[in-house]
Amino acid sequence: MKKVLYLGRYRLGFSISRNSYFFVKIKIIFIALYQGKITLKKIWNAIVCNLSFYFKTQKSGKSPILVSVDLWNECNENCVFCRGSDGKIYDLNPDKKDSSIPKLKLDVKYFKQVVDAFKEHLLMIIPYVNGEPLMHKDIYEAIDYANKNKLLTLIASNGILLNNHNSERLIDAGLDFLKVHISGFSNSIHQIQHRKGNVDLILKNLENFMKKKNDKKSNILVMLDYILYNHNRHEVDLAKKFADNYGVRFNVRPGNPKFMEDSENVQNTDIFDFRTACDWPWKALTIDCNRNINPCCEYSVFSNKTPYETIEDTTDLIKLWTGQNVVNFRKEHATNGRINLDVCKKCDRVGLGFKY
């Protein structure tokens, strides 16, 4: 699937490469420096994690660089690639084609437990994985807690619940990065992928959010993420114009064509060697809403997987990160890559970043 490249207001054409969000990452680093959320310890830990992955050592840094915590996997858009029309979450386990992932809420105390354990060396914590983050009433408490402990936070939202009240709370909580996605500039196009989406409401909410952000002189990085398909590329320029008008960073990325294969291109046509090790075991952790501590977010939508551990009130997360379960997983990746691991063997992700 191709994506549009822009230089300022000029469209340069289409690229088939997967989006690395390089300039967004640079901007986030500057935000972190300005807010004092980057320390020498965190920089050194990130260097050690990256070097450990490069040399495929059994150990890594003193903490991950990034942790994702899924507070609730409920969503209010029912996207075609992710859920059925009844809202049930697709199970990525090929042996469980007719099953779905249960919807559960995670107590925010576990989010705080992660912050307390890793805050000295961790750079970023993300309070969602597989749902709409604004549906969890404690999302603002989680962001505020991370912010007060000098951790970067980001959420990706569909923007439907980004009303006046919630916008105020997000800004006041100290969120660093907000990504809002659309798949068209009209409802008739947007709803082809997002069954229950309302792009008119989303754009209205985003316009209002930017006004509040400017009024409060907030440093939140806000990005409008246009998910590109064959059926919606004619509306890209309208979305870009909207973003320019309201000072929103604009991005276009390839869409997931699952269940739309007859009309859409595959997301990635590159040949990938699945003997390649993934860097997530050396750099990241994910905690799903069922309290499983996993190597990455793919595990959140894959049943019958084997997590590192289940988080309890007494779980020593530092010990887990340096413990045998994580070490063994790194050893498998270093030796054989992804080919022997059920969750990993069809995943071609490279680097830390958004799933799509």
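1. Confidence of the model. This is a predicted model, and its mean pLDDT is 92, with 93% of the residues reaching 70 or more. Where pLDDT is low, the predicted coordinates should not be read in detail.

2. The nonpolar core. The largest nonpolar core has 87 residues, and those with the most contacts inside it are F111, V114, I125, I155, L170, L178 and F209. If we take L178 as an example and leave aside residues up to four places away in sequence, L178 touches I155, S157, L162, F209, I220, L221, V222 and M223. In soluble globular proteins, nonpolar side chains tend to be buried together.

3. A serine in a strand. S68 is found in strand β3, which covers residues 66-69. Is S68 buried or exposed? Its relative accessibility is 7%, and because buried means under 20%, S68 counts as buried. Not counting residues up to four places away in sequence, S68 touches I126, Y128, V129, L285, T286 and I287.

4. A search of the whole structure finds 20 salt bridges, and one of them joins the side chains of K37 and D176, with 2.9 Å from N to O. K37 lies in the loop between α1 and α2, and D176 in the loop between α5 and β8, so the pair ties together parts that are 139 residues apart in sequence. K37 is buried, with a relative accessible area of 1%, and D176 is buried too, at 3%.

5. K103 forms a salt bridge with E74, and their closest N and O atoms are 3.0 Å apart. Because K103 lies in the loop between β5 and α3 and E74 in the loop between β3 and β4, this pair ties together parts that are 29 residues apart in sequence. K103 counts as partly exposed, at 32% relative accessibility, whereas E74 counts as buried, at 17%.

6. Further charged groups. D288 forms a salt bridge with K305, the closest N and O atoms being 3.4 Å apart. D288 sits in the loop between β11 and β12, and K305 in the loop between β12 and β13, so the pair ties together parts that are 17 residues apart in sequence. D288 is buried, with a relative accessible area of 3%.

Technical notes: Residues numbered from 1 in each chain as written. Predicted model: local features only at pLDDT ≥ 70, side-chain atom pairs only at ≥ 80, totals over all residues. Heavy atoms only, no water. Core = buried A, V, L, I, M, F, W, Y, C linked by side-chain atoms within 4.5 Å. Buried < 20%, exposed > 50% of the residue type's maximum accessible area, 1.4 Å probe, protein only. Contact = heavy atoms within 4.5 Å. pLDDT = per-residue confidence, 0-100. Helix = DSSP H or I, 4+ residues; strand = E, 2+ residues; numbered from the N terminus. Salt bridge = Lys/Arg side-chain N within 4 Å of Asp/Glu carboxyl O.
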